[in-house]
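Trainee: I'm new to this one, so could you walk me through it a piece at a time?
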Amino acid sequence: RAQVPSGNKYPKREFRGAWIQAVNGQFRGIPTEKLKQTLVGQLNSLQGAGINAIIFQVRPEADALYASQHEPWSRFLTGTQGQMPSPMWDPMQFMIEECHKRNMEFHAWINPYRVKTSLKNQLAPTHIYHEHPEWFVTYGDQIYFDPALPESREHICKIVSDIVSRYDVDAIHMDDYFYPYPIKGVDFPDNASFARYGGGFSNKADWRRGNVNILIKKLHETIRGIKPWVKFGISPFGIYRNQKSDPDGSATNGLQNYDQLYADVLLWTRNGWVDYMLPQLYWEIGHQAACVETLIYWWNNHANGRHLYIGQDVARTMNATDVNPIYTQLNHKMQLSRYLDHVGGNCFWPGYSLLENYKGIADDLKGYYHAVPALIPAYTFIDSKAPDEVKGLKAKWTPEGYELQWKRKKTDDEMQKQIYFCVYRFAPSEDICLCDASHLVAVTRDTKFLLPYKHGTRQYVYVVTAVDRMHNESKGKIKKVKL
């Protein structure tokens with residue numbers, strides 16, 4: 001049950017993401033046409049629930065759900081690593097096109113270091129592991145790139161460079177797997193690497209963090225150097241450090257990014273190496289070790305001028321009750337994310353839980369929280385210049401009906417390109433205020449909008465704006481019509 005709060009305000013800008021993972025095997029061995037239909041159906045459902053960004057897993061185990069020039073096809077697509085899909089298709093390219101048709105951002109999600117999720121898995125003959133076994137380490141039941149090696153970093157940067165240069169991705173996304181989650185009583189096997197590369201570090205922990213820092217910085221530079229408009233986002237484990245380890249930490253008592261995963265996530269935002277941070281706050285409000293309310297306030301205070309979105313676990317949010325037990329915690333979490341200055345939206349894990357409308361969450365989003373479309377927050381620290389206005393706005397009868405039509409202003413400056421358009425509607429008596437999202441009737445990549453014509457007796461004012469890749473919005477062009 002959705003609790004409808006007072007103050008019926010819709011945010012004009014809000015990141016509304018969903019993760020679509022490959023490792024649950026939902027794609028494996030499904031015939032191409034059927035899988036395409038499934039993905040289109042999923043995107044339609046997510047669009048219906050107001051989602052405006054898809055985080056799609058394209059590299060789970062140093063393999064590819066796209067036509068990679070360097071790594072084998074993923075077993076999560078065809079069932080056997082290295083086996084090409086038949087008939088041949090490129091899932092990432094397909095998803096980029098389908099997302100953009102629906103004006104959703106596409107974030108290519110890669111796992112940087114992981115090679116085998118289980119030692120039982122077979123690696124394709126073409127896998128880089130066979131060529132350079134010395135780059136890899138076994139830890140528990142898994143195989144990883146050794147983060148200490150320059151060769152590991154070079155390879156990961158090469159992969160990202162290939163994706164960014166050949167595909168129209170909106171962002172590169174990494175989740176919480178840096179140094180692996182610790183196995184009790186077993187140290188990560190990097191003594192030899194520490195002996196070789198650890199000079200200048202008095203302890204292994206600082207050195208490991210340094211290794212990850214170098215990768216993050218290099219990835220940032222790689223992406224910026226190819227396409228400055230492609231964002232780099234990270235979705236870390238939800239706790240940076242607990243207060244008992246660091247006075248600047250959160251009042252929590254759980255595993256720590258900094259100490260156990262060697263991910264100094266605050267350094268990355270402070271240095272501007274990542275564009276958005278999407279911590280996985282998968283617990284409940286009131287959780288004893290990691291209360292989400294405590295954590296969301298903490299992250300809000302440590303955004304460091306970068307975008308901050310909150311990762312929510314759908315099942316845990318919908319299973320937990322709020323102070324008033326007839327409500328789930330969705331409302332409380334949404335209100336917190338909208339109330340805090342530096343939180344710019346939410347992302348839902350997993351996207352499949354939205355698709356199955358777990359405990360009515362998709363209905364709640366569609367009917368209330370996402371009832372009005374929202375623009376993704378503008379990345380003004382990358383570029384803050386708004387695009388030009390649209391040209392030639394007119395209302396015209398067509399075989400489809402009465403349409404608003406306009407033209408794109410052409411430009412070679414990629415940052416100023418008009419990527420999508422916003423259509424607002426006002427009554428003649430209303431002030432034109434584009435900051436009020438309740439007037440936003442459409443967000444579209446088309447240069448036309450079908451008007452809801454009835455009898456031609458009521459007057460309205462329509463305003464059309466253009467938005468660029470960084471989500472900067474142009475001034476509005478106005479057209480009065482009778483509907």
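Trainee: Okay, where is the place of D246?
Mentor: Bear in mind that this is a predicted model. In it, D246 sits in the loop that runs between β8 (231–234) and α8 (257–261).

Trainee: And is D246 buried or exposed?
Mentor: D246 is buried, because its relative accessible area is 15%, and the cut-off for buried is under 20%.

Trainee: What is D246 in contact with, leaving aside its neighbours within four places in sequence?
Mentor: With those neighbours left aside, D246 is in contact with Y240 and R241.

Trainee: Back to β8, then: which of its residues are buried on each side?
Mentor: On one side K231 and G233 are buried, and on the other F232 and I234 are buried, so that both faces of β8 are covered. As a general point, side chains in a regular strand alternate between the two faces of the sheet.

Trainee: How does strand β7 join to β8?
Mentor: Strand β7 (residues 171–174) runs parallel to β8, and 4 bridges join the two; within that pairing, I172 stands opposite F232 in β8.

Trainee: And how many bridges are there between β8 and strand β9?
Mentor: There are 2 bridges between β8 and strand β9 (residues 276–277), which also pair in the parallel sense, and here G233 stands opposite Y276 in β9.

Trainee: Changing topic, which residues have the most contacts inside the largest nonpolar core?
Mentor: Those are I172 and W268, in a core of 133 residues. Helix α5 (residues 150–166) supplies the largest share of this core, with 6 residues. Apart from this core lies another, of 16 residues, among them V390, F421, V423 and L451.

Trainee: What does W268 touch, if we leave aside its neighbours within four places in sequence?
Mentor: The contacts of W268 beyond those neighbours include F178, V212, N213, I216 and I234, and A263, W273, V274 and M277 are also in contact with W268.

Trainee: Now the helices: at what angle do α12 and α14 pack?
Mentor: Helix α12 (residues 330–339) and helix α14 (residues 361–369) pack at an angle of about 45 degrees, and their axes are 12 Å apart. That angle makes α12 oblique to α14, and the crossing of the two is right-handed.

Trainee: Which residues meet there?
Mentor: From α12, L330, N331, M334 and R338 meet I361, D364 and Y369 in α14.

Methods. Residues are numbered from 1 along each chain as its sequence is written. This is a predicted model: local features need pLDDT of at least 70, side-chain atom pairs count only at pLDDT 80 or more; totals for chains, interfaces and linings use all residues. Side-chain values use heavy atoms; hydrogens and water are left out. Buried means under 20% relative accessible area, exposed over 50%, partly exposed in between (1.4 Å probe, protein chains only). Contact means heavy atoms within 4.5 Å. A nonpolar core is a set of buried Ala, Val, Leu, Ile, Met, Phe, Trp, Tyr and Cys residues joined through side-chain atoms within 4.5 Å. Two strands pair if DSSP finds at least two bridges between them. Axes are lines fitted to C-alpha atoms, for helices over the stretch in contact, and angles run from 0 to 180 degrees between N-to-C directions. Angles under 35 degrees count as roughly parallel, over 145 as roughly antiparallel, 65 to 115 as roughly perpendicular and the rest as oblique. A crossing is left-handed if the near helix is turned anticlockwise from the far one by less than a right angle, and right-handed if clockwise.
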